[in-house]
Amino acid sequence: MPTAVSVLDLSPISSGSTAGDALRNTLDLARHAEALGLRRYWLAEHHNAGGLACSAPEIVIGQIAATTRSIRVGSGGIMLPNHSPLKVAELFRVLHALFPGRIDLGLGRAPGTDPRTAAVLRRSREAVSADNFPEQLAELTRYLDDDAPPRPGFSGTIRAIPTNVPSPELWLLGSGDSGGAVLAAAHGLGFAFAHYMNPDEAPRVLRRYRETFVPSPRLSEPWAILAVGVICADTDEKAERLAASSELAMVWFRQGIRDRPLPSVEEALAYQYDDVEQRLRVGPGAPFLVGGVARVRERIIALIEATSADEVMVLTHVHDHEARKRSYELVAGALGLPSAPRTTR
């Protein structure tokens, strides 16, 4: 069993609802996750995708932390090349000043969008192709760690304000080759791998992270999070029916159709896939782990054994908010969390 279970949330906008509804559902799900005993709640950063309400995770982190008491809240992640390292350090120092000991800063190097939008975010096409993430990370950590005595006048180094705020937990994200894992290991940081995007590489990348990990003041031993797509219901049949929504949404996403809301089960089951869409249904990336409690438990445990992950972070996309909450409840119970209700189904 994993040491911890957590949530990754993209705040999907379901058909028949608004972005405000999606964000209020995020707040409600965070409270539910805390009651279930889940470890942390992370918000993703995506841009120019009208079906998701997750363009500003730093705002939602503060809202969730304010409406919960103990669950860790953070970014999964902030796409660092889209931002100034100084501004990111200031944002997360403010968050950590408000909610000490509860804020995670997960960092990614991907744009979280298409190349055209990335060029707008980064102010030039040249910046999109530049690979200066290690330098940006070093700059960010300098700002987070700088709490030297007050400066005389206007001299001295530039600082992230407010000062004298401990650094949040710092994590690197990865979904492809082992570059992110090696960088996380070299800096003694936690590492989170997106299994739902690249399942085949997960065992190799997490093994490389552990083998090359160097202890640091931030983390004495490696800690690997495996982010997995899961849809769980009371029976396999109910879960498979719920999954029809996310399957159709993923086909649209792979076609570059990103402004449609998450379809209902009825809309998805009535949809007629053409030949191109049928091929996209089995495209790259891992399908969600779909099933009742026994099937989902078996598959998650198999992934943990294959990757030696310390923590499972669950991403669940279903149209109905109550079904989404129920899915997390069943997963928490299946994996033996003390606060979760038990089930033997």
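In which kind of crossing, right-handed or left-handed, does helix 7 pass helix 8? The close-ups below take up this point and a few others in what is a predicted model.

**View 1. Helix 7 packed against helix 8.** The crossing here is right-handed, with helix 7 passing helix 8. Residues 179-186 form helix 7 and residues 202-212 form helix 8; their axes sit 8 Å apart, at an angle of about 20 degrees. Angles under 35 degrees count as roughly parallel, so that's the label helix 7 and helix 8 get.

**View 2. Side by side: the residues where helix 7 meets helix 8.** Helix 7 brings Ala181, Val182, Ala184, Ala185 and Ala186 to the contact, and helix 8 answers with Val205, Arg208, Tyr209 and Thr212. Sort the residues of this contact by type and you get 7 nonpolar, 1 polar and 1 charged.

**View 3. His47 and its neighbours.** Look for His47 in the loop that runs between strand 2 (40-43) and helix 2 (57-67). With a relative accessible area of 13%, His47 is buried, because the cut-off for that is under 20%. Leaving aside residues up to four places away in sequence, His47 touches Ser55, Asn82, Pro111, Gly112, Thr113, Thr117 and Leu121. Asp114 is 67 residues from His47 along the chain, yet their C-alpha atoms are separated by 8.2 Å.

**View 4. Two buried cysteines, Cys54 and Cys232.** Cys54 comes in at 5% relative accessibility, so it counts as buried. Cys232 is buried too, with a relative accessible area of 1%. As for disulfides, the structure holds 0.

Definitions and conventions
Residues numbered from 1 in each chain as written. Predicted model: local features only at pLDDT ≥ 70, side-chain atom pairs only at ≥ 80, totals over all residues. Heavy atoms only, no water. Axes fitted to C-alpha atoms, helices over the stretch in contact; angles between N-to-C directions. Helix = DSSP H or I, 4+ residues; strand = E, 2+ residues; numbered from the N terminus. Parallel < 35°, antiparallel > 145°, perpendicular 65-115°, else oblique. Left-handed = near helix turned anticlockwise from the far one by under 90°. Contact = heavy atoms within 4.5 Å. Nonpolar A, V, L, I, M, F, W, Y, C, P; charged D, E, K, R; others polar. Disulfide = S-S within 2.5 Å. Buried < 20%, exposed > 50% of the residue type's maximum accessible area, 1.4 Å probe, protein only.
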